Amino acid sequence: MHTRTTRTTRTASLVAAVVATAAVLTSAGTLAGPTPAVAAAAPVTSATIRTAPTTQVFAGGPTVQPDSQAALAAAKLAAEGRTAEAAAARTIASRPVATWLGEWYTGDLLDRVIARNLSTAEQSGTTPVFVTYAVPNRDCGGYSAGGLTASGYTAWNERIAADLRGHRAVVLVEPDSLSHLATCTSERATRPALIAAAVRAFTAAGVPTYLDGGNENWNTPALQASYLQEAGVDEARGFFTNVSNFYGVDGERAYADRVSALTGGSHYVIDTSRNGRGWSGSWCNPTGAGLGRTPHATAGSTALDALLWVKTPGASDGTCNGGPAAGTWFASYAVSLVANARQ
């Protein structure tokens with residue numbers, strides 16, 4: 001039996017950082033909309049996105065996020081004289097971490113968040129990684145409940161795609177959204193089509209996407225592959241695994257290779273943000289966890305495109321193992337993650 005061990009309290013961790021990020025964007029006062037495209041986008045098809053070299057998809061490697069939760073925590077901790085904790089936060093902030101977009105970012109604020117990340121990426125010659133997280137009935141009403149309406153979701157994705165058109169970027173579409181379908185039966189009939197529509201919008205804009213591939217201890221490769229196919233993986237770059245989880249790269253890669261073979265050789269990425277010491281039996285601030293391999297693109301000789309930090313290391317999973325509320329910066333845990341990092 002495959003046990004669901006993905007964490008289910010992401011929303012609070014994202015919303016917790018939104019107010020501070022919005023304040024930074026507002027005070028900047030210069031980002032009223034997306035930055036101009038570096039060059040006109042060439043016509044693209046799903047085939048070109050699927051077959052593009054990894055070095056092109058992740059040109060320059062993933063981007064270090066501006067105004068990240070870790071960077072804001074480091075500044076606050078330093079001001080309070082908490083030197084060791086500030087140093088750990090700075091270590092995390094120095095690595096590329098994905099930018100999560102949910103219903104807390106809409107309208108002009110959504111445009112500004114995207115624009116700021118695009119500007120940073122283009123100045124550094126890197127590739128920003130965004131995560132969409134606003135699918136209707138997200139988490140099937142669980143701890144991360146939320147999301148947009150079906151019509152609002154489609155328009156929201158189209159706006160993001162328009163903001164990204166002509167820019168280099170990668171989008172990870174809706175963690176947990178497909179893996180949940182085995183038990184979230186209320187969404188079984190409608191969710192794959194919503195995800196597929198989002199994929200089409202991003203593909204038309206020339207943006208490579210990766211869909212929810214779960215993890216090695218959730219659904220079987222055959223079942224996950226069937227969900228991916230329904231959700232348009234043939235028009236996407238591929239799928240992602242291990243988001244916000246702790247499974248090691250070797251096991252995830254073996255699982256992902258099986259899913260890839262069942263989905264026409266689709267590519268994949270793995271979240272290594274906190275898997276440096278592997279799975280220890282708990283998803284909630286487990287003792288002994290460590291940062292995983294530094295985010296980077298691969299040489300492109302296999303279906304594995306990149307190891308990414310999708311989850312923000314240092315954000316608490318919840319009030320367990322001495323942690324604060326979900327999403328709050330867990331300073332002592334961040335110190336532990338850095339100390340236990342994979343060498």
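A polar contact of 2.8 Å joins the side chain of T241 to that of E252. The model is predicted.

**T241 in strand β5**
- T241 belongs to strand β5, which covers residues 238–241.
- The relative accessibility of T241 is 1%, under the 20% cut-off, so T241 counts as buried.
- Leaving aside residues up to four places away in sequence, T241 touches G213, G214, E252, Y255, A256, V269, I270 and D271.

**Helix α8**
- Helix α8 runs over residues 191–204, and its 14 residues should span 20 Å at 1.5 Å a residue; the end C-alpha atoms are 20 Å apart, which agrees.
- Of the 14 residues of α8, 10 are buried, so the helix is largely enclosed by the rest of the structure.
- These buried residues are R191, P192, L194, I195, A196, A198, V199, A201, F202 and T203.
- The elements covering them include helices α2 (46–51), α7 (150–164) and α9 (221–230), along with strands β2 (129–132), β3 (170–173) and β4 (209–212).
- Just after α8, G206 has a positive phi of about 80 degrees.

- Most residues other than glycine have a negative phi.
- C140, which is not a glycine, has a positive phi of about 50 degrees; C140 sits in the loop between β2 and α7.
- With a relative accessible area of 34%, C140 is partly exposed.
- E174, also a residue other than glycine, has a positive phi near 55 degrees; E174 is in the loop between β3 and α8.
- E174 counts as buried, at 0% relative accessibility.

Notes
Residues are numbered from 1 along each chain as its sequence is written. This is a predicted model: local features need pLDDT of at least 70, side-chain atom pairs count only at pLDDT 80 or more; totals for chains, interfaces and linings use all residues. Side-chain values use heavy atoms; hydrogens and water are left out. Helices (H or I, at least four residues) and strands (E, at least two) are DSSP runs, numbered from the N terminus. Buried means under 20% relative accessible area, exposed over 50%, partly exposed in between (1.4 Å probe, protein chains only). A polar contact is a pair of N or O atoms within 3.5 Å; within protein, one must be able to donate a hydrogen and the other to accept it, and residues adjacent in sequence count only if both atoms are side-chain atoms. Contact means heavy atoms within 4.5 Å. The expected span of a helix is 1.5 Å times one less than its number of residues.
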